[in-house]
Amino acid sequence: METKGRALRADAERTVRTILEAAERVLAADPAATMEQIAAAAGVARTTVHRRFATREALVEALATWATKQFHQAVEAARPLTSPPLVALHQVTANVLQVKIGWSFAMSRTAPSDPEAARAHADVQAQCDQLFRRAQKAGLLSADTDLEWARRVYYALIHEAAEEGREVVDLGGVDQLAARVVDTLLHGVGAPM
């Protein structure tokens, strides 16, 4: 982890992570929360927060960048390019829901301006596109499916599931939401004809 372009010592990195985790909890509950409230939730002095993040905006930007990295790692952990397409689709969905639910404030921010975060978003989209091509080739998606449209629908389904899942605290609940997203994507909501 880096702030302001330099690598941090392990203890400083833990402090930054503690601040970011506290900021997520506090800002998810109250988006207008102050740096002092975030410092209190992190168990550090307000000056410690200001030493790491000069402004509230810098803290929010760092929070969004951190969440983007978690999001990218969640997608990669599902092995979307090597796992069987149905397995990968479910695991990517479950992993992304975990991040979107756990980092709801940060994930609701606009994409961070950090170039590394932009690359992460582009890589996630490329992996999703490739997974959808593999799913189509495997017969999970029909041959005439517009894959760009399918990806946009999939993202919308994940967004709605994450909104519903804010109350979910266990992995089983996230797994059920992921199954619902994948089932809706692959089979829709209409009665079979």
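This is a predicted model: local features need pLDDT of at least 70, side-chain atom pairs count only at pLDDT 80 or more; totals for chains, interfaces and linings use all residues.
1. A residue counts as buried when its relative accessible area is under 20%.

2. Thr 93 sits in helix H5, which spans residues 85-102. Its relative accessibility is 0%, so Thr 93 is buried. Beyond its neighbours within four places in sequence, Thr 93 contacts Tyr 154, Ile 158, Ala 178, Val 181 and Val 182.

3. One of those partners, Tyr 154, is itself buried, because its relative accessibility is 3%. Tyr 155 has 31% and is therefore partly exposed. Which residues make up the aromatic cluster here? Phe 132, Tyr 154 and Tyr 155 form it.

4. Aromatic pairs number two. One of them joins Tyr 154 and Tyr 155. A pair of aromatic rings is described by the distance of the centres and the angle of the planes. For Tyr 154 and Tyr 155 the centres are 6.3 Å apart and the planes make 40 degrees. The pair is classed as tilted. The cut-offs explain why: a pair needs centres within 6.5 Å, and tilted lies between stacked, under 30 degrees, and edge-to-face, over 60.

5. Turn now to the annotated domain. UniProt, in an unreviewed entry, lists residues 13-71 as "domain: HTH tetR-type". In the model this span is 81% helix and 0% strand. Its end C-alpha atoms lie 19 Å apart.

6. Thr 15 belongs to helix H1, residues 10-29. Is Thr 15 buried or partly exposed? Its relative accessible area is 23%, so Thr 15 is partly exposed. With residues up to four places away in sequence left out, Thr 15 touches Val 44 and Thr 48. Leu 59 is 44 residues from Thr 15 in sequence. In space, their C-alpha atoms are 13 Å apart.

7. Helix H4 runs over residues 56-77 and has 22 residues. How far does H4 reach from its first C-alpha to its last? The span is 31 Å, close to the 32 Å expected at 1.5 Å a residue. Just after H4, Arg 79 takes a positive phi of about 50 degrees.

Notes: Residues are numbered from 1 along each chain as its sequence is written. Side-chain values use heavy atoms; hydrogens and water are left out. Helices (H or I, at least four residues) and strands (E, at least two) are DSSP runs, numbered from the N terminus. The expected span of a helix is 1.5 Å times one less than its number of residues. UniProt positions are given in the numbering used here, feature names are shortened, and annotations may be inferred rather than shown by experiment. Buried means under 20% relative accessible area, exposed over 50%, partly exposed in between (1.4 Å probe, protein chains only). Contact means heavy atoms within 4.5 Å. Rings of Phe, Tyr and Trp (its six-membered ring) pair if their centres lie within 6.5 Å; planes under 30 degrees apart count as stacked, over 60 as edge-to-face and the rest as tilted.
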